[in-house]
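Student: I have a new structure to read. Can you walk me through how its domains meet?
Tutor: Gladly. Here it is.

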Amino acid sequence: MKLEMKDSPGQLVSVIQPISDIGGNILSVIHERDPETGGDLLDLQIMCEIPEGSLDALLSEFRRREINVLRVGEERLLVRRSIILIGHLIHTNISDTIDRIDSTGYAEVHELSMVMPAINEPSSTRMTIKSDCLKDINRALAILRDVARDKGFLIIESLEGN
Amino acid sequence: MRIAIIGFGSVGRGVAEVIAAKTTGLIITAVADSRSGIIDGSGLDIAAILRNKQATGMCGTPDITVSDIISSDAYDVLVEVSPTNAETGEPALGYIRQALAGGKHVVTSNKGPVALKFEELHALAADNNVSLRYEATVCGAIPLMHTIKHGIAGNEITRLYGVFNGTCNYILTRMAEEGLTYQQALLEARELGYAEADPTYDVQGIDAAIKLVILANAVWGMKKSLSDVDIIGIDRVTTAAIALAEREDQTIRLIGEIDPANEIIRVSPSIIPKSHPLVVRDTLNAVTIETLLAGEITLIGKGAGSSETASAVIADLLFIRDCYGRRD
């Protein structure tokens, strides 16, 4: 997120403290004086991991401390899992396969890389799905296993995927 | 201790050669192959038998059968190393039963009987106060059973997983490293003698699954059979799929896994980081044992081959000698 605050001693602590208080983990801080905004205002970009559902509380705490939140970046979902599917992915309605995950509301297909060697030969696809907790990733994987069985794909999961 | 060897193929001959060459306190008193047999209670001339086998294809004379040997009193330990029959376990199963019931120890490399009738054979050995050992049935030369039963005795084993089939591992290694297709890699494995003419048993994961059945029953007393294992082989894995995994510093290996807490017994191609200790090359096997006290232990070694199998059989024999030998 990008924040704007007064350039005076102790201000950085007033931003970091609330993040720490809600159990967050700061990944990076970019702290710079923007020559165009001039004098006593400072731009600050913070990337942090915070517990699920705690963003609103954090933002209201910043408001209470008169820290101006300019922009909250994409709220990233944290758990990712890659699998490889081998089979006729295109001819068995790839949109439907993706939609079976995306329509759950708790997981989504994040990335697809596909290799199609020749017409009528099975394609190989690496699919990354993401979600915000391990339990939901496992639920999504169970759906994919069902889809793979119904559509005749070979599904290759990662060893740690239990 | 007097040894009877049933099955005089490359494993049986390998065992006989080691016993003949070393001072182990073991003497071979009977040998049988599929067509002949020979018994001498005072000890056989192994060099002469090996020469005879090479010249005539027979280790003894046709009038002495396996049954004659097993029902004789000329031996203390039966070494059963005849070819495996995964469906019925016979005729080896009958030989092992008869020897145990007659108060003889048994060492076998034969997966069929151990996978099919572990509970029965284990109880029969216990009832007769003799030992049944089967190190060679799982992962060839790797001392997996010995490690679990003795080396880390007292540990609770929470999970066991690894590469249990060297043929599949060879094929996947070649597909990953040289970009060969599955068919090309299989052909190469056949030419090198790593795959059978009919590779079904290996590439469809059945061989690995049989080893999981033996481990499930021997380590956890689970009473499982082959139909309880979820099995996916490697015959549909594409070179492109492996390349997709390799892009992320991962690869694909056929992994067998027993995870009792999650009720998992399965064999399936799995994505695994290339830095993982289970990513071994060519025909090697590798098994990770997860325990409560000792943490993780990974064993790597040759999973097949006649001298490797003979190594496991000899180790079992010497274990029996050390535990029981001095009573004679």
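Student: What distance separates the centres of domain 1 of chain B and domain 2 of chain B?
Tutor: The centres, taken over C-alpha atoms, lie 28 Å apart. This is a predicted model, where local features need pLDDT of at least 70, side-chain atom pairs count only at pLDDT 80 or more, and totals for chains, interfaces and linings use all residues. Residues are numbered from 1 along each chain as its sequence is written, chains are lettered from A and ligands numbered from 1 in the order in which they are written, and side-chain values use heavy atoms, leaving out hydrogens and water.

Student: Which residues make up each domain of chain B?
Tutor: Domain bounds come from an automatic or database domain assignment. In chain B, domain 1 covers 2–140 + 307–327, and domain 2 covers 148–302.

Student: How many residues does each domain of chain B give to the contact?
Tutor: Contact means heavy atoms within 4.5 Å. Domain 1 of chain B gives 15 residues and domain 2 of chain B gives 17 residues.

Student: What area do the two domains of chain B bury between them?
Tutor: Buried area is the accessible area (1.4 Å probe) that two parts lose on being put together, summed over both. Here it is about 1,300 Å², with 72% on carbon and sulfur atoms.

Student: How many salt bridges does the rule find across this interface of chain B?
Tutor: A salt bridge puts a side-chain nitrogen of Lys or Arg within 4 Å of a carboxyl oxygen of Asp or Glu. The rule finds three between domain 1 and domain 2 of chain B.
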